[in-house]
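Dear colleague,

I am handing over the structure we spoke about, with the sequence alongside. Please have it open while you read the notes that follow.

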Amino acid sequence: MGHLTGKDVYRRLAGKLDNTPVRTPDTPAFRALLRELYTPEEADLVACMPYRPATASRIAAVCRKDRARVEAMLDTLCAKGLVIDLREGDTATYMISPIVIGIFEFTMMRTGGDLPHGTWARLFNDYMFGDTTFFDANFASGQRISIMRALPHEEAVEESARTEILDHERARALVDRHTTFAVGLCSCRHEKVHIGEEPCDAPLETCTSLGSGAEFLIRNGFARRIDRAEMLDILARSRDLGLTLSTDNVRRDAGFICHCCGCCCNLMRGIKVTGHTGILVTSNWLAACDADACTGCGLCVRACPVDALRIVREDGQRTQAGEAVDAGGDVPDDEVAASTARRGKARRRLEVDTSVCLGCGVCALRCPTGALRLEERPARVFHPEDSFERVILQSLERGTFQNLIFDNPASRSQAFMRGLVGGFLRLDPVKRALMGDRLRSRFLGAIRRVAT
């Protein structure tokens, strides 16, 4: 009987997590991951928690559990990264960690003690890349609202256009808005180390956070506190290493800046594996090439983290990856550029896949002739105002918005309303209208007024 009860609690937990703003379809790999991360008692508590952030007293009441026991379990779950504590003064509310940004990152950022990082890494990789179920559930229908967006390297933007970069697209401006900073292990690189992939040249300790996001990570031991100077040093190092900067997909109060490489970042790997370009939202900039200045050396192709660039021969045929950079990664960049220039630029030209380009500017940082630069996209990319808007729109796109309205999983009447409202919101004309430019701001304004 206990074995059957254990199976049932993890099934309920899987269903609960799949009804959050980031979908997590229940698969054998996901069930194995949950059994490794949560004890049966923890799984039972999270499965019955409200969908919206709630105090410990409300969680205890909804779950019909002893408050002191609930508070102790919540502290343990926060230390494991499976629940997030939001604090204002002496008041704490708790929310279920989504799979990303949340369970995956915080688990793989944990340090100290005899932690089974190898087991965790294998299970996460099995779930995310054993097949495309996870990415398909969140992006296969053309969803545009993701958790992260690319930041342009300012140095990659043509100098005359740099005044057009908005503050929410400037990494330095994001830093200037905060006084609390932290850095921890990059969860993606840490995972790759433990599944036996070729080590990346980028440093392992590169995951930076800001403001309340930094306070959460510091409070729960996932990152160490740093000062503003070290934060800026890390940004400069990432520019020099050609890492892609990405941050919260919001215009206000971004809580982190990631320093990503195409070989390790799970979001960028997801783009390359599935072709779902919405996994990482682009910046408002786009790579553009001056054909007269381009020598066709292919260094930008090597640098692009999502394979958005290709060198095309004069006859219109695409070069092979190795041909584009001569002998490949073993040849120093300056030698590749010089060798290609000697052969003559007329033989090759650069092709940019604008449907994939992130607008990060990493390619331009590697261009030896200055032929590559970032230009403004013809149409501005939509980024939500703040986390409130992002979560609402994410949930609406993925069919889980009704859970935020009727958030008590123990209430039968609310379960009925979730089914009724959810069915209505899943109708394509309704969803398209609410997500469209004409109604979106009015819809969000109404929800914000009700919430406050």
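**Cysteines**

Cysteine 48 and cysteine 63 are joined by a disulfide, with an S to S distance of 2.1 Å. Please keep in mind that this is a predicted model, and that the structure holds 1 disulfide. The pair links distant parts of the chain, since cysteine 48 belongs to helix α3 (residues 40-48) and cysteine 63 to helix α4 (residues 56-63), with the two cysteines 15 residues apart. The link of cysteine 48 and cysteine 63 is right-handed, with 115° about the S-S bond, and both cysteine 48 and cysteine 63 are buried.

**A helix pair**

Helix α2 (residues 28-37) packs with helix α7 (residues 117-129) at an angle of about 155°, and their axes are 8 Å apart. Angles over 145 degrees count as roughly antiparallel, and α2 and α7 are therefore roughly antiparallel to each other. The crossing in which α2 passes α7 is left-handed. On the α2 side the contact includes Ala29, Phe30 and Leu33, while the residues they meet in α7 include Trp120, Leu123 and Phe124. Sorted by class, the contact of α2 with α7 has 9 nonpolar, 1 polar and 2 charged residues.

**Backbone details**

Valine 100 and isoleucine 101 are joined by a cis peptide bond, with omega at about -15°, and isoleucine 101 lies in helix α6 (residues 99-109). Aspartate 253, although it is not a glycine, has a positive phi of about 65°, and this aspartate 253 is found in the loop between β7 (244-248) and β8 (256-260). Aspartate 307, also a residue other than glycine, has a positive phi near 55° and sits in the loop between α14 (299-303) and β10 (309-313). Is aspartate 307 buried or partly exposed? Aspartate 307 counts as partly exposed because its relative accessibility is 42%.

Notes:
Residues numbered from 1 in each chain as written. Predicted model: local features only at pLDDT ≥ 70, side-chain atom pairs only at ≥ 80, totals over all residues. Heavy atoms only, no water. Disulfide = S-S within 2.5 Å. Helix = DSSP H or I, 4+ residues; strand = E, 2+ residues; numbered from the N terminus. Buried < 20%, exposed > 50% of the residue type's maximum accessible area, 1.4 Å probe, protein only. Axes fitted to C-alpha atoms, helices over the stretch in contact; angles between N-to-C directions. Parallel < 35°, antiparallel > 145°, perpendicular 65-115°, else oblique. Left-handed = near helix turned anticlockwise from the far one by under 90°. Contact = heavy atoms within 4.5 Å. Nonpolar A, V, L, I, M, F, W, Y, C, P; charged D, E, K, R; others polar.
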